[in-house]
Amino acid sequence: LSDAVSYWTHRFAHEVPCMWRVHAVHHSPEHMDWISGFRNHPFDGGVIAPAFFGLLGAGFDAELAGAFAALQIILGLFFHANVRVRWRWLDRIVANPEFHHWHHSSEPDAVGHNYGAALPWWDLIFGTFFMPNRAADRRPARYGVSEPLPPNLLGQLTYPCRGVRRHLWLWRHPFLFVKTVVVATHNL
């Protein structure tokens with residue numbers, strides 16, 4: 001249940017423009033290593049939080065939900081590590097660093113794939129699984145994002161807020177706001 005919610009919140013973080021502006025900071029490094037797992041915008045915790053609160057709302061014990069959140073963070077560090085670990089026949093059952101490295105790749109055929117936190121099942125079910133042929137046994141050649149992100153900390157912290165001012169008028173017009181949200185989500 002936690003992994004399914006994590007899959008969808010992570011996918012939305014890539015496909016919903018305002019969420020992507022926050023999550024893009026995490027994808028901005030052009031080299032992958034374990035420290036890349038820590039490079040996040042403070043608001044990017046919203047990607048993990050829905051799974052945690054979803055488990056609490058479903059009646060799971062707070063300690064168990066916390067253990068899942070901690071496991072997700074530890075797995076995240078492992079998946080970002082610059083190690084070559086593939087499970088071969090388990091690649092479609094359990095995620096590994098190769099799976100997640102392809103998620104971070106900026107190569108055109110890999111973009112928009114591998115959102116699963118620990119289980120690639122969701123990617124297989126929803127058509128977002130990507131792992132090159134084993135015979136190729138290659139790693140992504142390029143990482144990062146297509147849009148230019150500011151190189152400094154303050155610039156990356158404020159990056160998601162750029163252009164927000166032009167949308168603030170929607171809050172004063174609730175019907176236009178609802179219409180805009182419906183049109184934007186319909187186009188996904």
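This is a predicted model: local features need pLDDT of at least 70, side-chain atom pairs count only at pLDDT 80 or more; totals for chains, interfaces and linings use all residues.
Colleague: Thanks. Which helix is Ala184 in?

Modeller: Ala184 belongs to helix α8, which covers residues 174-186.

Colleague: Let me step back. How many helices and strands does the chain have?

Modeller: There are eight helices and zero strands. Following the sequence, you would read the pattern as α-α-α-α-α-α-α-α.

Colleague: What share of the residues is buried?

Modeller: Of the 188 residues in the chain, 40% are buried. As for contacts with a separation of 6 or more, 62% of them are between residues 24 or more positions apart.

Colleague: What about the surface, how much of it belongs to carbon and sulfur atoms?

Modeller: Carbon and sulfur atoms account for 68% of the accessible surface, which comes to about 11,100 Å² for the chain.

Colleague: Which residues form the nonpolar patch on the surface?

Modeller: The patch is formed by Trp8, Phe12, Met19, Trp89, Ile93, Val94, Trp121, Ile125 and Phe126, and together they have about 870 Å² of accessible area. Two elements give two or more residues to this nonpolar patch: α1 (2-15) and α6 (121-125).

Colleague: Where does Val94 lie?

Modeller: Val94 is in the loop that runs between α4 (62-80) and α5 (97-104). Val94 counts as partly exposed, because its relative accessibility is 34%.

Colleague: Now the inside. Which residues make up the largest nonpolar core?

Modeller: That core has eight residues, namely Phe79, Ala95, Phe99, Trp102, Ala110, Phe129, Phe130 and Met131. Another core, of five residues, lies apart from the largest one, and its members include Ala24, Val25, Leu149 and Tyr159.

Colleague: Let's pick Met131. Leaving out residues up to four places away in sequence, what does Met131 touch?

Modeller: With those left out, Met131 touches Arg86, Asp91, Asn96, Glu98, Phe99 and Trp102.

Colleague: Changing topic: how many salt bridges does a search of the whole structure find?

Modeller: The search finds two salt bridges. In general, side chains with opposite charges can pair when their charged atoms come close.

Colleague: Which residue meets Glu15 in a salt bridge?

Modeller: Arg11 does, with 2.9 Å from N to O between the side chains. Glu15 and Arg11 are about one helical turn apart, because four residues separate them in helix α1.

Colleague: Are those two buried or partly exposed?

Modeller: One of each. Glu15 counts as partly exposed, because its relative accessibility is 29%. Arg11 has 15% relative accessibility, so Arg11 counts as buried.

Colleague: And what does Arg139 pair with?

Modeller: Arg139 meets Glu98 in a salt bridge, at 3.0 Å from N to O between the side chains. Arg139 lies in the loop between α6 and α7 (153-158) while Glu98 is in helix α5, so this pair ties together parts that are 41 residues apart in sequence.

Terms used
Residues are numbered from 1 along each chain as its sequence is written. Side-chain values use heavy atoms; hydrogens and water are left out. Patches are made of residues with over 30% relative accessible area and no salt bridge: like charges are joined within 9 Å, nonpolar side chains (Val, Leu, Ile, Met, Phe, Trp, Tyr) within 5 Å. Accessible areas come from the Shrake-Rupley method with a 1.4 Å probe; for residues, only the protein chains shown count as cover. A salt bridge is a side-chain nitrogen of Lys or Arg within 4 Å of a carboxyl oxygen of Asp or Glu. Buried means under 20% relative accessible area, exposed over 50%, partly exposed in between (1.4 Å probe, protein chains only). A nonpolar core is a set of buried Ala, Val, Leu, Ile, Met, Phe, Trp, Tyr and Cys residues joined through side-chain atoms within 4.5 Å. Contact means heavy atoms within 4.5 Å.
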